[in-house]
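Please read the following note alongside the sequence and the coordinates. The points proceed from the whole chain to individual parts.

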Amino acid sequence: MAITREGRICSFCTTPGGPGTDVVLIGGLGAQVCRSCVDTFHEILHDEERVASVRATMPWERMSDAEVLATLPQILASAEQNVFFAQEWVEMLRERGITWAEIGRILGVTRQAAWERFAKRSASKSATA
Ligand SMILES: [Zn+2]
């Protein structure tokens, strides 16, 4: 199974992107970012006043309750995308022949705990070796 950007969202604004869309996503480790967010972040990072503003307050401190509430589904969508990516990553490791013991060791858990966390979601694809 190849890991692709198909069906992904920008981890920062949740705009759907990737293949088949006009939205280019780049990133890694599960996080994806769209061109619009990169441009916005670039503008902020090269404007000392805006950097100072960002450092002085967290974004949600400037948001209304309605805006904070509306952001919750976006946070969960981004988090779920990362969990899905971790699942795909483990499946890729398994396809490469990495054992559950090795996966467990790098995660600081037992082989059994690693298997229980990840194999149940892909039981039809993976053996329990
Ligand atoms: Zn974005």
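The numbered points below concern a predicted model.

1. Overall composition. The secondary structure of the chain consists of five helices and four strands. Read along the sequence, these elements follow the pattern β-β-β-β-α-α-α-α-α.

2. The C-alpha trace spans about 55 × 35 × 30 Å along its principal axes. Of the 129 residues, 12% count as buried. Among contacts with a separation of 6 or more, 35% come from residues 24 or more positions apart.

3. Strand β3 comprises residues 25-28, and strand β4 comprises residues 31-34. The two strands pair in the antiparallel sense, over four bridges. Within this pairing, isoleucine 26 stands opposite valine 33 of β4. Two residues lie between the strands of the hairpin, in which leucine 29 takes a positive phi near 55 degrees.

4. The two faces of β4. Which residues of β4 form its covered face, and which its uncovered one? Gln32 and Cys34 belong to the covered face, while Ala31 and Val33 belong to the uncovered face.

5. The packing of α4 and α5. Two packed helices are described by the angle between their axes and the distance between the axes. For helix α4 (residues 100-107) and helix α5 (residues 111-118), the axes come within 7 Å and cross at roughly 95 degrees. Angles of 65 to 115 degrees count as roughly perpendicular, and α4 and α5 are therefore roughly perpendicular to each other.

6. Residues at this contact. On the α4 side, Trp100, Ala101, Ile103, Gly104 and Leu107 take part; they meet Arg111, Ala113, Ala114 and Trp115 of α5. By type, the residues of this contact divide into seven nonpolar, one polar and one charged.

7. Threonine 99. This residue lies in the loop between α3 (65-95) and α4. Is threonine 99 buried, exposed or partly exposed? A buried residue needs 20 or more neighbours and an exposed one has 12 or fewer; threonine 99 has 14 C-beta neighbours inside 10 Å and so counts as partly exposed. Its C-alpha atom is separated by 9.7 Å from that of tryptophan 115, a residue 16 positions away along the chain. Tryptophan 115 is also one of the α5 residues that meet α4.

Notes. Residues are numbered from 1 along each chain as its sequence is written. This is a predicted model: local features need pLDDT of at least 70, side-chain atom pairs count only at pLDDT 80 or more; totals for chains, interfaces and linings use all residues. Axes are lines fitted to C-alpha atoms, for helices over the stretch in contact, and angles run from 0 to 180 degrees between N-to-C directions. Angles under 35 degrees count as roughly parallel, over 145 as roughly antiparallel, 65 to 115 as roughly perpendicular and the rest as oblique. Two residues are in contact if their C-beta atoms, placed from the backbone, lie within 7 Å. Ala, Val, Leu, Ile, Met, Phe, Trp, Tyr, Cys and Pro count as nonpolar, Asp, Glu, Lys and Arg as charged, and the others, Gly among them, as polar. Two strands pair if DSSP finds at least two bridges between them.
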